[in-house]
Amino acid sequence: LGRIESAFIREKRFTADAAHELKTPLAIIRTNLDVIKMMESPDAADYRETVTVVQKQIERMSQLVDNLFSVYSMNGYQIDETVYADKIAEEALSEQTEKAERRHIKIERSLTPCRIKANPVMLKHAVSNLIDNAIKYNEEGGCIALSVREDNRTCIITVQDTGIGISQAGAEHIFDPFYREDKSRSRQMGGAGLGLSIVKNIVEQHGGTVEYQPNAPKGSIFILKIPLIET
Ligand code: ADP
């Protein structure tokens, strides 16, 4: 009963947080439309400004809705394909190299073949989220390192960056839904704080774990561990 109650409380909090996240962009859209409606004779520049704000907020809401779908639609999927984790990680990385290059971020990779049972779409989504964060929270000219290797019958995928890192207090909460270290900074970049909770959900469904470690001298390391296929 205790478990059911705490799941119910978590769900209620999740829904309240999701509603709150959607309320903010809606309020911004409403205010901007009210302002332009009240103007006697708005000119083209006024309209352009309003359209830009509305577009940005709609983009933010769409991303949030996409993430909410990910949270709910990824339960109960088949996780039974034999795949090479290194190939999936490489694919996730190659889809984001352009974004990294735009910020002059250097990419290092060290990929060794690792055979696991997985759902390739979900696994790629998890690695993509980590790479996306490694770019987002990095600095111009920073560095990202992706590694896939096996150790002790486990496939270990790490995504390291030389970015802003995570505070000790924050590290305890980053996998909680809607948690953000710096709300205004993360929101500016379009994040609602769901990415890492999605990663955790996916990895746990694969029978694995995800953890955070600070990188030295600065930045973050995310480590995914997924059991290898027994041979
Ligand atoms: P968001 O969509 O806000 O990026 P996430 O769930 O992916 O949400 O991440 C939660 C929070 O953890 C982020 O808001 C950010 O503060 C912090 N974070 C995640 N990845 C990194 C990283 N690689 N470097 C620094 N901070 C990070």
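## A pair of buried rings

Phe-175 is buried, and Phe-222 is buried too. Here "buried" means under 20% relative accessible area, "exposed" means over 50%, and "partly exposed" is in between (1.4 Å probe, protein chains only). This is a predicted model, so a word on the ground rules: local features need pLDDT of at least 70, side-chain atom pairs count only at pLDDT 80 or more, and totals for chains, interfaces and linings use all residues. Residues are numbered from 1 along each chain as its sequence is written, and side-chain values use heavy atoms, with hydrogens and water left out.

## The chain as a whole

Let's step back for a moment. The chain holds 8 helices and 7 strands. Both kinds of element are DSSP runs numbered from the N terminus: helices are H or I with at least four residues, strands are E with at least two. Along its principal axes, the C-alpha trace spans about 75 × 50 × 35 Å. Of the 231 residues, 40% count as buried.

Now for contacts, meaning heavy atoms within 4.5 Å. Take those between residues at least 6 apart in sequence: 72% of them join residues at least 24 apart. The accessible surface comes to about 13,600 Å², and 54% of that belongs to carbon and sulfur atoms. Those areas come from the Shrake-Rupley method with a 1.4 Å probe; for residues, only the protein chains shown count as cover.

## Rings that pair up

Rings of Phe, Tyr and Trp (its six-membered ring) pair if their centres lie within 6.5 Å; planes under 30 degrees apart count as stacked, over 60 as edge-to-face, and the rest as tilted. By this rule there are 3 aromatic pairs. One of them joins Phe-14 and Phe-178: the ring centres are 5.1 Å apart and the planes sit at 50°, so this pair is tilted. Phe-14 belongs to helix 1 (residues 2–38) and Phe-178 to the loop between helix 6 and helix 7, so the pair links distant parts of the chain, 164 residues apart. Phe-14 and Phe-178 are both buried.

Back to the rings from the opening. Phe-175 and Phe-222 have ring centres 6.2 Å apart and planes at 85°, so they count as edge-to-face. This pair also links distant parts of the chain: Phe-175 is in the loop between helix 6 and helix 7, while Phe-222 is in strand 7, 47 residues away. Ring pairs tie Phe-175, Tyr-212 and Phe-222 into a cluster.

## Helices with buried residues

In helix 3 (residues 85–94), the buried residues are Ala-85, Asp-86, Ile-88, Ala-89, Ala-92 and Leu-93. Looking down the axis of helix 3, these buried residues fall within an arc of 165°, so they line one face of the helix. The arc is that of the directions from the helix axis to the C-beta atoms.

Leaving out residues up to four places away in sequence, Val-127 touches Ala-89, Ala-92, Leu-146, Ile-157 and Leu-224. Val-127 counts as buried because its relative accessibility is 1%. Its C-alpha atom is separated by 8.1 Å from that of Val-159, 32 residues apart along the chain.

Helix 8 (residues 195–205) has buried residues as well: Leu-196, Ser-197, Ile-198, Val-199, Ile-202 and Val-203. After helix 8 comes Gly-207, with a positive phi near 75°.

## A residue in strand 6

Thr-209 is found in strand 6. With a relative accessible area of 40%, Thr-209 is partly exposed. Not counting residues up to four places away in sequence, Thr-209 touches Val-203, Ile-223, Leu-224 and Lys-225.

Most residues other than glycine have a negative phi, and most peptide bonds are trans. His-104 is not a glycine, yet its phi is positive, about 55°. His-104 sits in the loop between helix 4 (97–102) and strand 2 (106–111), and at 56% relative accessibility it counts as exposed. Phe-178 also has a positive phi, about 70°, without being a glycine, but Phe-178 is buried, at 6% relative accessible area.

Which bond is cis? A cis peptide bond joins Ala-216 and Pro-217, with omega about 0°. Pro-217 lies in the loop between strand 6 (209–214) and strand 7 (220–227).
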